[in-house]
Amino acid sequence: MSYYEYEFPQQKIFEVKDLPSINNSNKLHIDSEEPLQKKRPKIKPQKVVFLFSVEWMWSPAHNRVDSYFINIKPSRYYLWNSFFDRHSFSDYWDFIGYTDNKKGDLHEISLNIIKKYWEVEAKDSCLDHFHVISMEGLLKVSDIKSIGRSVW
């Protein structure tokens, strides 16, 4: 059997869109740069909207899997990252960002706050472009690729 006779998996083509502009009526904050002072969450959120999961795989022993969630509060949105903690063998929830208010479309806010978070991570932690999109949620593959393209 020759090389050309093998079947290859079905390939998918995803549209990569431009990101919408940030709505100036809702300021976005990354907690590592501007820590939330009042009503700071202390425990993992109960009601969340799953955004997506991405992975970085530098080597078999060095990887990172992030799953992003939006927690809708009465007066603002909170951005969370959930990942498996190898030391405690449980999920760890990391509070990573927030908005000033709830004005604007949740989809657009999610796009822009993830973009801002990845820009901070790329600058402060030298984070490179993600390697795999594991799962989509509110944000689809084309949205995630658009964010990655604009950050890296």
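## A guided tour of the predicted model

Begin with K123 and D124, which form a salt bridge whose closest N and O atoms lie 3.9 Å apart; a salt bridge here is a side-chain nitrogen of Lys or Arg within 4 Å of a carboxyl oxygen of Asp or Glu. This is a predicted model, in which local features need pLDDT of at least 70 and side-chain atom pairs count only at pLDDT 80 or more, while totals for chains, interfaces and linings use all residues. Residues are numbered from 1 along each chain as its sequence is written, and side-chain values use heavy atoms, with hydrogens and water left out.

Colour the residues by accessibility, where buried means under 20% relative accessible area, exposed over 50%, and partly exposed in between (1.4 Å probe, protein chains only). K123 is exposed at 57%, whereas E33 is partly exposed at 37% and D124 is partly exposed at 48%. Salt bridges that share partners join E33, K123 and D124 into one network.

**A buried pair**

Next, select R64 and E121, whose side chains meet in a salt bridge of 3.1 Å, N to O. R64 lies in strand β3 and E121 in helix α1, 57 residues apart, so this pair too links distant parts of the chain. R64 counts as buried at 19% relative accessibility, and E121 counts as buried at 14%. A search of the whole structure finds 6 salt bridges.

**The overall fold**

Switch to a cartoon view. The chain has 2 helices and 6 strands, taken as DSSP runs numbered from the N terminus (helices: H or I, at least four residues; strands: E, at least two). From the N terminus on, the elements run β-β-β-β-β-α-β-α. Of the 152 residues in the chain, 38% are buried. Among contacts (heavy atoms within 4.5 Å) between residues at least 6 apart in sequence, 64% join residues at least 24 apart.

**The nonpolar cores**

Now select F52, V54, Y68, L79, I114 and W118, the residues with the most contacts inside the largest nonpolar core, which has 25 residues. Such a core is a set of buried Ala, Val, Leu, Ile, Met, Phe, Trp, Tyr and Cys residues joined through side-chain atoms within 4.5 Å. Two or more residues come from each of β1 (28-30), β2 (48-59), β3 (62-72), β4 (77-85), α1 (106-125) and α2 (141-151), and α1 gives the most, with 8 residues. Centre on I114: not counting residues up to four places away in sequence, I114 touches L51, F52, Y68, L79 and I147. A second, separate core of 7 residues includes L36, F69, Y78 and W80.

**The largest pocket**

Finally, select N63, R64, V65, D66, N81, F83, F84, R86 and D94, which line the largest pocket. On a 1 Å grid over the protein atoms alone, a pocket is an open set of points where a 1.4 Å probe fits, with protein on both sides within 12 Å along at least five of seven lines; lining residues have an atom within 4 Å of a point. The volume is about 240 Å³, counted as the space filled by probe spheres set on the points, which are joined across faces, edges and corners. β3 and β4 each give two or more residues to the lining, with the largest share, 4 residues, from β3.
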